[in-house]
Amino acid sequence: MSTSSTVERAFEAALYADSDAALDTGASLLAADPASDAERDRRGAEFVATAWRRGWQPADVVRLVRRDLDDVHVRLVTSLILRERETDRAPRGARWTAQLDALGADAHDVRTDRFSHATAVLELYRLLLRLPAVEPLETPRPAAPAGAPRETRMLARIRALLAKAEATGYPEEAEALSAKAQELMARHSIDEALLAARTHAADGPGACRVGIEAPYETAKAVLLDAVARANRCRAVWNDAFGFSTVVGFEADLEAVELLYTSLLVQATAAMTKAEAAQRAGGRKRTKTFRQSFLAAYAHRIGDRLATVAEGQAAEAEGDLLPVLAARDVAVADHLDRMFPRTVTTRMRGVDDAAGWHEGSDAADRARVGDRRRLPGEGGRSR
């Protein structure tokens with residue numbers, strides 16, 4: 001029997017049925033024929049390439065595999081993605097390249113018996129085979145050449161400031177560090193916008209995906225939406241696959257990712273502290289407390305960011321106001337092309353008064369700084 005025939009029979013038995021018996025049959029066929037390993041792996045790389053054609057990116061696939069399967073599958077898909085990279089000839093942007101570079105930590109051999117390995121491979125291929133098409137992301141700038149720095153000095157400084165703000169135990173120091181980071185982000189965004197206008201750069205809005213990890217995904221998606229709107233971006237949440245697509249210009253997309261991550265770290269730390277105080281008072285740890293806490297935090301942060309944006313809109317003058325207004329229109333148009341049909345979502349399970357009160361207070365204490373952003377519209381989900 002040829003190696004191709006073995007792989008075909010295994011796939012036919014296991015990939016198009018959900019039963020454990022079908023999976024065992026396919027795994028037995030592959031385990032019994034070591035000569036089929038190369039063909040099995042080649043076909044896996046084809047599944048990965050098909051995922052790219054359907055609009056998925058490396059980080060999306062790894063995140064979904066981590067959510068739905070196990071660590072062994074994460075290592076397997078990482079190896080497949082890096083192997084497929086060697087033959088991928090499609091033009092890729094800086095974000096794509098950064099995602100591949102970040103996968104190196106998970107790229108190591110999976111050592112187990114042949115049957116267990118074949119079972120894991122087939123479980124992974126089942127998931128890859130059934131990935132639907134998603135909205136493709138356009139990359140607004142090309143990947144940096146080999147040896148070039150991956151981010152500007154400004155972004156490196158912002159990242160370092162936020163990391164220190166999240167780590168310090170002194171509120172005054174954290175506030176000063178966060179405020180400085182916000183100032184630098186606003187300056188970076190405005191400088192990028194004015195430079196593009198003055199040089200008549202042809203770049204337009206792009207998009208990135210941000211993973212929304214369980215639990216309490218809805219509240220986290222609302223928080224991301226608030227951050228996106230404050231940065232002249234728009235976010236659309238895909239609850240089925242656990243990510244939001246953020247549409248905007250590159251400098252603003254970078255700011256959204258940084259600020260959302262920082263605020264989520266602050267929210268989690270504040271929630272853990274508040275919950276500990278509740279337990280010390282005799283209350284048991286509950287899911288509703290955390291859900292209500294994060295919902296209130298996201299709601300209040302959204303109000304604060306919107307107020308800051310409205311206040312800063314009046315300060316935009318001279319060449320800046322028409323430039324930013326034009327970019328807002330471009331982002332809205334790009335969003336409508338990517339997502340012509342969206343629906344609004346409603347948070348459920350937000351009925352814990354103590355959690356809501358603590359979350360609102362934590363949001364008031366969170367460091368959001370002075371952001372020079374125009375006000376935006378409400379968020380949407382698909």
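Is Ala296 buried or exposed? Ala296 counts as buried, because its relative accessibility is 0%. Here, buried means under 20% relative accessible area, exposed means over 50%, and partly exposed is in between, with a 1.4 Å probe and protein chains only. Ala296 is found in helix 12.

A word on the model comes next. This is a predicted model, in which local features need pLDDT of at least 70, side-chain atom pairs count only at pLDDT 80 or more, and totals for chains, interfaces and linings use all residues. Residues are numbered from 1 along each chain as its sequence is written, and side-chain values use heavy atoms, with hydrogens and water left out.

Now take the whole protein. It has 14 helices and four strands. Helices (H or I, at least four residues) and strands (E, at least two) are DSSP runs, numbered from the N terminus. Of the 382 residues in the protein, buried residues make up 47%. The protein exposes about 18700 Å², and carbon and sulfur atoms supply 52% of that area. Accessible areas come from the Shrake-Rupley method with a 1.4 Å probe; for residues, only the protein chains shown count as cover. Contacts are counted too, and contact means heavy atoms within 4.5 Å. Among contacts with a separation of 6 or more, 81% are between residues 24 or more positions apart.

Ala219 leads us to helix 10, where it is one of the buried residues. Helix 10 covers residues 217-230. Its 14 residues should span 20 Å at 1.5 Å a residue, and its end C-alpha atoms are 20 Å apart, which agrees. The expected span is 1.5 Å times one less than the number of residues. This helix is mostly covered, with 11 of its 14 residues buried. Among them are Thr218, Lys220, Leu223, Leu224 and Asp225. After helix 10 comes Arg232, whose phi is positive, near 60°.

Helix 13 (residues 320-338) can be checked in the same way. Its 19 residues should span 27 Å, and the end C-alpha atoms are 27 Å apart, so the two values agree. Which residues of helix 13 are buried? They are Leu320, Val323, Leu324, Arg327, Asp328, Val331, His334, Leu335 and Met338. Seen down the axis of helix 13, these residues fall within an arc of 140°, so they line one face of the helix. The arc is that of the directions from the helix axis to the C-beta atoms. Pro322 and Arg337, on the other side of helix 13, are exposed. An α-helix has 3.6 residues a turn, so residues three or four places apart point the same way.

Thr245 counts as buried, because its relative accessibility is 2%.

Last come the aromatic rings. Rings of Phe, Tyr and Trp (its six-membered ring) pair if their centres lie within 6.5 Å; planes under 30 degrees apart count as stacked, over 60 as edge-to-face and the rest as tilted. The count comes to seven aromatic pairs. In one, the rings of Phe11 and Phe47 have their centres 6.0 Å apart and their planes at 40°, so the pair is tilted. This pair links distant parts of the chain: Phe11 is in helix 1 (residues 3-14), Phe47 is in helix 3 (residues 37-53), and they are 36 residues apart. Phe11 is buried at 2%, and Phe47 counts as buried at 12% relative accessibility. Ring pairs link Phe11, Phe47 and Tyr125 into a cluster.
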